[in-house]
Each structure stands twice: as structure tokens, then as C-alpha cells.
Amino acid sequence: MLAVGYDADRSEPYTRIKPFDAEHDTSVEFFFKPTTLTALAIALSTLAYVATTNDVLAEGREKSVLGIYAAIAAFLTFSMIQFRDGPFIRPHPAFWRIVLGINLLYEVGLVYLLFEDLPSARKYLLYVDSSLNQPLREKDYTEDCSLSFANLYDAVDIFALAHFLGWLGKALILRDYWFCWSIDLTGSPGPQKILSVSFELAEYSLEHQLPNFKECWWDHWVLDVLICNWLGTYLGIKICQYFEVKSYVWRGFRQSRGFKQKTGRVFKQLTPRDWTTFQWEGTASFTHYITVVTLLTVFLAAELNPFYLKSLLWMEPNHPIVIARLAGVFVCALPAVRELYDYRNSPKKVARMGQHAWLLLATILTELLIIFKWGRGQYPAPTPTHVKVGWTIGSAFLVGYPLLKFGVPGARRYLRRRGKSEKKMGGGKTE
């Protein structure tokens with residue numbers, strides 16, 4: 001061990017580092033031992049071998065592409081070792097650090113594209129897939145809108161499965177049935193459906209820009225909302241309820257006896273260590289209302305952004321880049337929403353928004369900036385009058401409801417307190 005001329009000031013907060021297994025039940029102890037120097041040695045050895053071996057570089061590969069892959073791998077290795085832990089520790093905190101690193105790489109790429117024009121961005125994608133940079137042929141979903149079993153059966157395609165899986169994922173992220181399917185903004189027993197219906201309404205209002213949003217009425221409300229969305233939400237909430245009532249008894253790997261128990265214990269590492277049920281309570285206070293509306297808006301933006309990006313960049317819906325973006329946002333949203341929930345419900349314990357939530361919000365907003373920049377002149381069709389009226393009514397409701405629910409009662413309480421204080425002051429002057 002090298003001798004150092006001075007000791008670190010152990011009173012500083014950043015020096016109070018405890019081993020991870022001292023604060024958490026790691027169970028499989030080997031995977032939670034600090035091995036930062038070992039990882040550094042393995043990473044540098046791998047880079048040195050790849051960079052200096054002629055057999056690797058002499059296979060006709062593009063060296064610049066290989067260098068980009070190596071740079072990404074080096075960054076993700078640093079992320080895995082040095083980034084802060086998030087709210088999840090299963091299957092391993094390092095996995096969620098890598099997820100954060102991938103999100104950061106995507107955000108950096110978006111920032112770079114933000115300063116490029118649309119034709120240049122399309123040409124850049126040719127390095128990823130040479131079949132791109134070709135105008136899309138939009139599919140018409142309104143050829144025959146008669147409600148029949150044959151039409152319903154023909155409409156069940158890969159996009160119906162995507163709807164189902166998408167809403168199953170939203171249920172796992174939000175963990176609240178009435179948030180996914182509806183939100184009670186009135187306090188009455190009959191909730192007003194918002195999140196599940198809002199995307200269909202968004203498709204209606206944006207079909208003058210994106211032709212593939214034009215669907216038959218039964219495709220919107222029967223196939224999407226009542227079948228795919230509801231089934232996905234229902235199954236997702238059932239999974240949440242299973243983890244909520246499940247008895248979590250975590251025996252360590254060493255305490256498990258026999259090959260079967262030890263193997264089962266390793267696979268249990270892929271399941272949650274515990275489960276937190278989310279109660280969003282959008283009408284409990286003004287802060288809760290703003291949080292829920294903001295989360296709803298971000299969810300809608302995250303849903304709509306890939307449709308605009310694939311339209312602008314000329315990508316088919318089933319292109320691997322589009323699928324990777326959807327899957328990546330889902331995985332990033334799992335810890336991000338948990339951090340937002342803790343930030344809102346535990347302000348004394350959580351002083352600032354978590355890193356996953358902060359970065360995912362920045363990513364969605366950056367995508368919006370790119371769409372606004374590249375979309376200028378790409379959608380010349382004017383916005384229909386009924387769409388403007390609908391958005392005006394919706395905006396008026398979102399602003400008017402908190403004014404009536406929180407603003408008016410708050411103003412009354414303020415006036416009563418002020419009246420009482422003036423009476424006390426007046427009584428004191430009379431004496």
C-alpha cells in the first residue's frame with residue numbers, strides 16, 4: 001500500500017462511504033463486492049487487445065465505427081462503476097447505473113442532432129442502416145370502416161400487440177389502475193377517463209399532420225381503448241398486486257442448501273426485493289395536482305415523440321431504432337417514476353429530484369425541441385377549427401379546475417385570517 005503524506009478529512013460527507021453490503025441485504029454476496037480496480041484492468045486489457053490486434057481490424061470493418069463502439073463501451077463501464085445508485089437494487093445496482101449511462105448517451109446524441117438540419121440527420125442514419133433515407137409510404141387505415149368481425153380480425157396486427165405491451169408497461173411504471181385508465185378529478189365515484197383516452201384524442205387532433213393517425217372509430221375506441229389498452233393495464237396491475245402481497249423472505253446464497261435452492265436463489269435476484277404501491281392522489285393538494293398533470297403531459301409527449309421522429313427521419317414503425325427507443329424509455333421510466341414519487345411524497349427525506357427522473361425529463365424535452373425545429377414546413381396542413389376548440393376547452397379545464405379547487409378556498413382562508421388580524425389590531429388601538 002502506498003504511503004500518503006496526509007489523511008483525508010473524514011468529516012466531509014463525501015468521505016463517509018459505507019460498503020453496499022453493510023447497508024443492504026445483498027444475499028448473493030460475491031456480486032456486491034467492490035471490484036473497481038479489477039473492472040478497470042479488464043476493460044483496459046480488452047481495449048488494448050482490440051486496438052492492437054491486426055486480426056481484429058483486418059476483417060474489413062470500418063475502424064471509425066469500431067472506435068465509436070469502444071468509446072460507448074468505455075463510457076458505460078465508467079457508468080456501471082462510478083455513477084450513483086438509483087432507487088432499485090434488483091437485479092443489481094450496476095444494471096441501473098448502466099441504464100442511466102445509456103440514457104445519458106441518448107441525450108447527448110439528441111443534443112448533437114438538435115444543432116443539425118433534417119437532411120443531414122437523415123444522411124447520418126445511413127451509417128447505421130444503409131436502407132434508410134427513403135420517403136415512407138403511409139398506410140391507410142380507413143379504407144373500410146364498417147364494424148365487422150372480419151375488419152376487427154384484420155386490424156389485429158403487430159401494432160395491436162404493441163398497444164397491449166405498451167399499456168402493460170405503463171401499469172408497471174405507474175402502479176396505479178386509475179392513473180393508467182382514469183383519474184378522478186372531481187372526487188365523485190365515477191372517475192373521468194384521461195390517460196387511456198387522452199392518447200386517442202391526441203391521435204384525432206394530430207391526424208392532419210400524421211396520416212397514420214387516421215383510423216376507424218372502432219379502431220380507436222374498441223380495439224385500442226377497450227381491448228388492447230384495458231387488457232394491458234389489467235394484466236400490469238395484476239402483476240403489481242402480486243408483488244404487493246407477495247411475502248418477501250430473502251435467504252442469503254450461503255444459507256440456501258442444495259443445488260436446487262441455490263439456483264432458485266440466483267433466479268430470485270431478478271425479482272424485486274420489495275414493492276411500493278403508488279398512490280398519486282391528484283386532488284389532495286395543488287402540488288399533487290401539478291405533479292400528476294406534469295407526469296401525464298410527459299407520458300403523452302413520450303408516446304407521441306417517436307411517431308413524429310420516425311415520420312421526419314423516414315423510419316418504418318418496426319425499425320430496430322424505433323423499437324430500441326420505445327424499450328429504452330420504458331426501462332428508464334421504471335426508476336425515474338419511482339424517484340419522482342419519492343420526491344413528491346417524501347420531501348423531508350428526498351431533497352432533490354433523482355438523477356433518472358431528471359435525465360429522462362431532459363430527454364423527452366430535447367426530443368420535443370428536435371421535432372419543433374425539424375417539423376417547420378414539414379406539416380403544411382392547417383390545424384382544423386374543431387381541434388383548436390378542443391385544445392382550448394381542455395386547457396381551460398386544466399387551468400380552471402385548480403383555481404376552483406385550490407385557489408378559491410385558499411383565497412377565502414387568506415381573507416378570513418386577514419380580517420381577524422385587522423380586528424385584533426383595531427381592538428388594540430381602541431384600548
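The model is predicted. The protein contains 16 helices and zero strands. Of its 431 residues, 35% are buried. Among contacts with a separation of 6 or more, 72% link residues 24 or more positions apart. The accessible surface is about 27,200 Å². Carbon and sulfur atoms contribute 64% of that surface.

Helix H14 spans residues 320-345, and helix H15 spans residues 355-374. Their axes come within 7 Å and cross at roughly 135°. The crossing of H14 past H15 is left-handed. On the H14 side, the contact is formed by Arg-325, Cys-332, Ala-333, Pro-335, Ala-336, Glu-339 and Leu-340. H15 contributes Gln-355, His-356, Ala-357, Leu-360, Ile-364 and Glu-367. By class, this contact comprises eight nonpolar, two polar and three charged residues.

H14 also packs with helix H8, which covers residues 158-174. Here the axes come within 9 Å and cross at roughly 20°. The angle is under 35 degrees, so H8 and H14 are roughly parallel to each other. H8 passes H14 in a right-handed crossing. Gly-169, Leu-172, Ile-173 and Leu-174 of H8 contact Phe-330, Ala-333, Leu-334 and Val-337 of H14. This contact has seven nonpolar residues, one polar residue and no charged residues. Ala-333 of H14 takes part in the contact with H15 and in that with H8.

Key:
Residues numbered from 1 in each chain as written. Predicted model: local features only at pLDDT ≥ 70, side-chain atom pairs only at ≥ 80, totals over all residues. Heavy atoms only, no water. Axes fitted to C-alpha atoms, helices over the stretch in contact; angles between N-to-C directions. Helix = DSSP H or I, 4+ residues; strand = E, 2+ residues; numbered from the N terminus. Left-handed = near helix turned anticlockwise from the far one by under 90°. Contact = heavy atoms within 4.5 Å. Nonpolar A, V, L, I, M, F, W, Y, C, P; charged D, E, K, R; others polar. Buried < 20%, exposed > 50% of the residue type's maximum accessible area, 1.4 Å probe, protein only. Areas by Shrake-Rupley, 256 points an atom, 1.4 Å probe, with all protein chains shown as cover. Parallel < 35°, antiparallel > 145°, perpendicular 65-115°, else oblique.
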